[in-house]
Amino acid sequence: MKRVNDFVIKFATVNGSGSASANTLFAKALFRMGLYVSPKNIFPSNIQGLPTWYEVRVSDAGHTARREGADIVVAMNPQTYADDATELLPGGYLIYDSSLIRTFERDDIEVLPIPIAQMCARAYKDLRQRQLFKNIAYVGAVAALLDMDYDIVQQLVEERFRRKPKLIEPNLKALEIGRQYVLETFQCPLPIKVRPAEATRGKIIMTGNEAAALGCIWAGATVASWYPITPSTSLAEAFEKYCGRLRLEKGGKRRAAVIQAEDELAAIGIAVGAGWNGARAFTATSGPGVSLMSEFLGLAYFAEVPVVLFDVQRGGPSTGMPTRTQQSDVICCAYASHGDTRQVLLLPGDPHECFDFAARAFDLAERLQTPVIVMSDLDIGMNDWVIDPLVWDDARGHDRGKVLDAEALEKIEQFGRYLDVDGDAIPYRTVPGTHPTKGAYFSRGSSHDGVARYTEDGKVNAANLDRLARKFETAATMMPRPVIKRASRSSKLGLINFGSTEPAVREAVGQLRRDGYKVNTMRLRAFPFTKEVKAFAAEHERIFVVEMNRDAQMRTLLIAEAGIPAEKLIPVLSYDGMPMTAKAIVAGVAGGIESDKAVAHALRLSAAAM
């Protein structure tokens, strides 16, 4: 069966073998050809030696969700040959390193043996070069089999090594080794191939962690404190890299502090301290780090100190699956810390929103004087996504919130740090050193009154807690609105999702429509929930809640915080650590429709109204 610009290719290699650069080069070459690509790096949580995979989906229709099954597998790891062959759909192609001949027990696929290791051994004397150049060689082979634009592939190799020009020629040689063998041995191109398109004209490709780091730069962040943890490490590293280019004074001095702390507790403590002192500060972590940071998050909530936390979620509980994706920190972050706390959450759906929400997070943190947690995940954070260019309006200012300067302090008789002066439950604050005699106050995590004095009076403490609850209501008016898409004005079936599930939801809704089911969707982008969430729930008889965790945590939050009846919300869950697929969503929705009489009733209502 002939297919153009519509397939999944999977590279099966060994972690630490140098394959990551080659695989990324392959995906970016397709992107430069104008094709919608969706790469997914599936790697183990060790340094070297275990199997790793890299999937690339190409879709003329613009689908970027992960798709189950592969059409082409490049098998470079003998340990996983059996599993890799199983991944292939009937009619698919298995490309493997035939330096050692193997047999594969399938007669419904085509096997393309290429002696990559032998060819590299003949071409290169250095053992390490032989290993590394095998990866470039298979890229050259696949480029020929798919009829890729070879000039683009070569150009990317030259760009990759422009700072090490001596490596350009041997890499181009490896590329040509694979390409020439395939052209001389097999009929090229395969029935599955690519051709140039215009789908990505004006687009860029980048990871969510890189985009979030740039958002922090444009937001004016000057302090980043962090402790390494997958999958958030690259966010802090990207921020440091960008600071080296964009945070320099004329003399070369960097106008930012990037601090690798001794642990997660120190990291959040530094960020909270910097926020209290007037800096825009953040830290980045994942689930285990959030657990350790929860006490400081409670302090910042109660003392009303602005700070931003990026939680790039991974598989849990405990250490869990450090290199797999999930959305399993929803409840943990919404109520982070002990006592009565509610934290502000932003829920980006792609790297573009990581950039935008990073900038918004600092404005919200200072406006609300509270922690703001940006809830990304490994899929968004570490994988490349095709997105619109990041744009910053230079006229956009930084909202520092209710900060009194020296002149304002002179005009008021008494400064009360925790007084609700304006009726929005947000008090005024000062930055240390603003005035020589006015504006001072005690910051503490213990109970306090309106002028920051310690108190044991339960009624005073309760009144302060009530104000904080009202402030959370004020926060709801400042949150990014959900994105609502209607398949039908009369449909009584709804679907709620958030974060990285969006590409799979878009594809699944299209499939459901073709099957005769019109489902309206709402993508949540923040907590506290805005008024649109309740309104959407009221319009629908049954609502499917799509999320990547076992316990339907967002569904729980919708019941507890939005007051949506539990029987209305049907969970559609995936928690195997892989990105959500449209197939899983369609199966979950179809299963819910078949098993729930009320859903069938909702469908009848929809049909009657059409």
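Author: The largest cavity is lined by K40, N41, I42, T323, R324, T325, L378, D379, N383, G577, M578 and P579. A cavity here is a set of points, on a 1 Å grid over the protein atoms alone, where a 1.4 Å probe fits but cannot get out, and lining residues have an atom within 4 Å of a point. The model is predicted: local features need pLDDT of at least 70, side-chain atom pairs count only at pLDDT 80 or more, and totals for chains, interfaces and linings use all residues. Residues are numbered from 1 along each chain as its sequence is written, and side-chain values use heavy atoms, without hydrogens and water.

Reader: Which element gives the most to the lining of the largest cavity?

Author: Helices (H or I, at least four residues) and strands (E, at least two) are DSSP runs, numbered from the N terminus. Two elements give two or more residues to this lining, β3 (37-42) and α13 (378-382). With 3 residues, the largest contribution is that of β3.

Reader: About how much space lies in the largest cavity?

Author: The whole structure holds 9 cavities of 30 Å³ or more. A volume is the space filled by probe spheres set on the points, with grid points joined across faces, edges and corners. For the largest cavity that space is about 70 Å³.

Reader: How many residues in the lining of the second largest cavity are nonpolar?

Author: This cavity holds about 60 Å³ and is lined by Y301, R342, V344, L368, T370, L468, K471, F472 and A475. Helix α15 (residues 458-476) supplies the largest share, 4 residues. Ala, Val, Leu, Ile, Met, Phe, Trp, Tyr, Cys and Pro count as nonpolar, Asp, Glu, Lys and Arg as charged, and the others, Gly among them, as polar. By that division the lining has 1 polar, 2 charged and 6 nonpolar residues.

Reader: What is the geometry of the aromatic pair formed by Y81 and Y96?

Author: Rings of Phe, Tyr and Trp (its six-membered ring) pair if their centres lie within 6.5 Å; planes under 30 degrees apart count as stacked, over 60 as edge-to-face and the rest as tilted. The structure has 14 aromatic pairs. For Y81 and Y96 the centres are 5.8 Å apart and the planes make 85°, so by the cut-offs the pair is edge-to-face.

Reader: Which residue lies over the face of Y150?

Author: A charge sits over a ring if NZ of Lys or CZ of Arg is within 6 Å of the ring centre and within 35 degrees of the ring normal. K173 lies in this way over Y124, at 5.1 Å from the ring centre. Over Y150, at 4.1 Å from the ring centre, lies R179.

Reader: Where is the proline of the cis peptide bond with omega near 0°?

Author: T230 and P231 are joined by a cis bond with omega about 10°. The bond with omega near 0° runs from G316 to P317. P317 is in the loop between β13 (307-313) and α11 (330-334).

Reader: Is E304, with its positive phi, buried or exposed?

Author: E304 is not a glycine, yet its phi is near 60°. The residue is in the loop between α10 (287-303) and β13. Buried means under 20% relative accessible area, exposed over 50% and partly exposed in between (1.4 Å probe, protein chains only). At 1% relative accessible area, E304 is buried.

Methods
On a 1 Å grid over the protein atoms alone, a cavity is a set of points where a 1.4 Å probe fits but cannot get out, and a pocket is an open set with protein on both sides within 12 Å along at least five of seven lines; lining residues have an atom within 4 Å of a point.
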